[in-house]
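Work through the exercises below with the sequence and the structure at hand. Each task is followed by a solution in steps.

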Amino acid sequence: MIPELGQLCTTIALCLAGVQTIFPLVGAHRNQRSWMAVARPAAVGHFVFLTIGFGLLTYSFIINDFSVLIVASTSNSQLPILYRVAAVWGGHEGSLMLWVLLLSFWTVAVSVSSRRLPDYLATRVIGVMGFISVGLLLYILSVSNPFLRILPVPFDGNDMNPLLQDPAMALHPPMLYTGYVGFAVAFAYAIAAMLAGRVDQQWARWVRPWTTAAWTFLTLGIALGSWWAYYELGWGGWWFWDPVENASFMPWLIGTALIHSLAVTEKRDLFKGSTLLLAIGAFSLSLLGTFLVRSGVLVSVHAFASDPTRGVFILSLLVIVIGGALSIYAWRAPGLDRNAGFKAVSRETFLLINNILLSAATGLILLGTLYPLVLDALAMGKISVGKPYFDTVFIIPMLPLVIFAGIGMHAAWKQADTAQMVRKLRWLVVIALITGIMMTALAWGTGPVLTFVGVVTGIWLVLASLRDPVMRLFGKGPLLTASMIGMQIAHAGVGLFVIGVTVTSTYSIETDQSVRIGETVQVADYSVTFNDLQQVQGANYTALRADIDISQDGRIIAHLNPEKRVYRVQTMPMTEAGIDVGLGRDLFVALGEDLGDNAWSLRIQYKPMIRFIWLGCIVMALGGLIAMGDRRYRAAIQSKSPAVESGTATKLV
Amino acid sequence: MNRFIVPIVGFAILVIFLMVGLNRDPTFVPSPLIGKQIPTFSLPRLDEPDKTVTDANLRGQFSIFNVWATWCSGCRQEHPVLNQIAAQGQVQIYGLNWKDDVGLASSWLQKLGNPYTANAFDKEGRVAIDWGVYGAPETFLIAPDGTVLYRHISPMTMDVWKTEFLTRIAAAAGETR
């Protein structure tokens, strides 16, 4: 009964999403107040019924109702309750339910906080979001129904993939999806503005906090996924350029470009064409990502569903949503764009370079992700381009991007004073050069030139970003708004990230060794002693737990317990690495195969500064959070906003 | 041409590729080994570790080389099919027991039946790397002269056996005759 009720609620939500689409959009077009007034109540109703539907589905997981197909296939009675809830989005059907639920949540958030928005805009935004929801709910109810029953009812479930039984992995999809779906808001704003034929600075100010919010969630979601891959997959990598990772990274890059383009549109009333296109692009790539991951067109370790009917449905959805949006863009944007009125050296130029480089990076990643698919479509065989391609093509646009970011932040709008910028920044360049080269050389000796370049540019960006906020702490320099401080902190996060990536990828030591119990092996300056191996019982798994001491200069500095788990239901062996965490370096030991005669293969790794990668991401997200809190986003509509702003415009973000 | 049209045109091209891509079999991954000689190897036999299984065993008759492990659920699924194929006797079935445990693998064969002429025990997966093994189960079809004729990824079914393997055996046998 409960699942049927859930399906009913989801169907009602679909009907309400239809109402939420048709009445506001048609009403706004004909300027009929009564039709437009339907937007908000319909959005709220849509959200309420979807929440009940999702809640009932979750309930089926909690009470172990194995008559529901997806409960039987992704959960198990031995599974701890936290993972039974996480199992809701552990499979294909449930994860799409989460997707639409989050979409309706964002819609309600927009409609509640859009009271100040003019009706012509607010109703259209809600209508466009309803339209996307209709598409996805139709998909769910027709080819991906999570409420389906199974007969005969299995005695127990098939269990959740052990890889996903992890707190970070339980949180990763909701975070990522909140980010993905959050770009739907910017998308809807862009479509609404084009339909209404009006894009102005006030519009940009409304879109900015939503975009930043989505970006912040996406940043954290991607970082969580990377962190999880590092300690759970057992080989110590943190990014694999897997198609699924790329699917989340491309919207992030375009979303980042969108944030910057919006800044220009808000401050200078320029770049409207690119802002609109980036807003469409960020969400389109989110949808494309969903398509690539869900349809199985690209084979990946992550792909959990491979079904052509679903693929055809999602592809049609993509054509309607993205194709429709780009058609509106081709039709409306020419009348709205304006790209003049700034000098060669100005903040506008730097932000233009930023947008071009980020878009180029996205294009290269998209090419690498789709290249195997294209070759296959041309019947040239299935291939995959892999890490070497991505590592190479990504660094080419990124290096200048990081260098210019540090300069661009200090450039004034319209026309920057080059001499003044040089005076302001020259010492930072010198400090970055000295500390970067000294630190790398003292800690690790020599390295490739590119490593020194990477560390120096990373430090440069941190210094350039923090210059103004630190001066402010001492009461010097210009006053800073929350959005400026957020922007500076986020850029400092990028700098930390660059340092972490550079150092980890150059100076990591990774060895596989055969070690007997009681034996000690040497890795760099560290002695690794394999003390003991014991069998332990977990809630739903049995594990072999190694007992390992790591000492340096005769002193024990870490005690690690890497595990090799076998989950009872899926009998899949899993590595649980033992990691000694440090800001300067991680020591990572994973238990490998039994080599017989009391010997085991141990994967021992030294990972310098790898924490900076995730620290950088957290700092970026923190910056986003601070920027969102800026008061001007909550201020009432300023009747003459451009004029009011112009006095301070040269200083603001 | 108007630059605002570029995005929609690019998207249209992408859609065409996605449409073609959808109609392709995502589990079909050709092996670079097809048409080439099998890699040389020498591994201990699963049941008698002091004897070896080498690439020479696979030559001299049509044989299939099946990569399996007890931790792989697809292997359990295909096992009855392998038993059936063995009973028909058209080919010799050799197994590559991949990253597995001797005890578990032996009791698996006792319980589910043993379709294999012999099993090579690849504890560390080195030989599997030479063969370009992508995951278990995988099945290679090998001609008497040691050429790899076909590779099947994912569990074997009677359907696949008839349409992909038997037809190739018939064709290859016809050529040599």
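**Exercise 1.** State what share of the contacts in chain B with a separation of 6 or more is made by residues 24 or more positions apart.

Solution. Begin with the term: two residues are in contact if their C-beta atoms, placed from the backbone, lie within 7 Å. Among the contacts in chain B with a separation of 6 or more, 73% join residues 24 or more positions apart. The model is predicted, so local features need pLDDT of at least 70 and side-chain atom pairs count only at pLDDT 80 or more, while totals for chains, interfaces and linings use all residues. Residues are numbered from 1 along each chain as its sequence is written, and chains are lettered from A and ligands numbered from 1 in the order in which they are written.

**Exercise 2.** Describe the elements of chain B and give its percentage of buried residues.

Solution. Helices (H or I, at least four residues) and strands (E, at least two) are DSSP runs, numbered from the N terminus. Chain B contains six helices and seven strands. Read from the N terminus, their order is α-β-β-α-β-α-β-α-β-α-β-β-α. A residue is buried if 20 or more other C-beta atoms lie within 10 Å of its own, exposed if 12 or fewer, and partly exposed in between. Of the 177 residues in chain B, 33% are buried.

**Exercise 3.** Find which elements of domain 1 of chain A give two or more residues to the side that touches domain 2 of chain A.

Solution. First take the bounds, which come from an automatic or database domain assignment: in chain A, domain 1 is 1–165 and domain 2 is 181–344 + 378–392. Their C-alpha centres are 22 Å apart. Next, 20 residues of domain 1 of chain A are in contact with 23 residues of domain 2 of chain A. On the domain 1 side, α6 (92–113) and α7 (119–143) of chain A each give two or more residues, and α7(A) gives the most, with 10. Finally, sort this side by class, where Ala, Val, Leu, Ile, Met, Phe, Trp, Tyr, Cys and Pro count as nonpolar, Asp, Glu, Lys and Arg as charged, and the others, Gly among them, as polar. The side has 15 nonpolar, four polar and one charged residues.

**Exercise 4.** Work out how α15(A) and α16(A) are oriented to each other.

Solution. Axes are lines fitted to C-alpha atoms, for helices over the stretch in contact, and angles run from 0 to 180 degrees between N-to-C directions. The axes of α15 (residues 418–444) and α16 (residues 449–473) of chain A come within 8 Å and cross at roughly 140 degrees. Angles under 35 degrees count as roughly parallel, over 145 as roughly antiparallel, 65 to 115 as roughly perpendicular and the rest as oblique. α15(A) and α16(A) are therefore oblique. Residues making the contact include A:L425 and A:L428 of α15(A) and A:F452 and A:W460 of α16(A). By class, the contact has 15 nonpolar, four polar and one charged residues.

**Exercise 5.** Is A:L318 buried or exposed?

Solution. A:L318 belongs to helix α12 (residues 308–332) of chain A. Inside 10 Å there are 20 C-beta neighbours, so A:L318 counts as buried. Apart from neighbours within four places in sequence, A:L318 is in contact with A:L287, A:L288 and A:F291. The C-alpha atom of A:Y541, 223 residues away along the chain, is separated from that of A:L318 by 41 Å.
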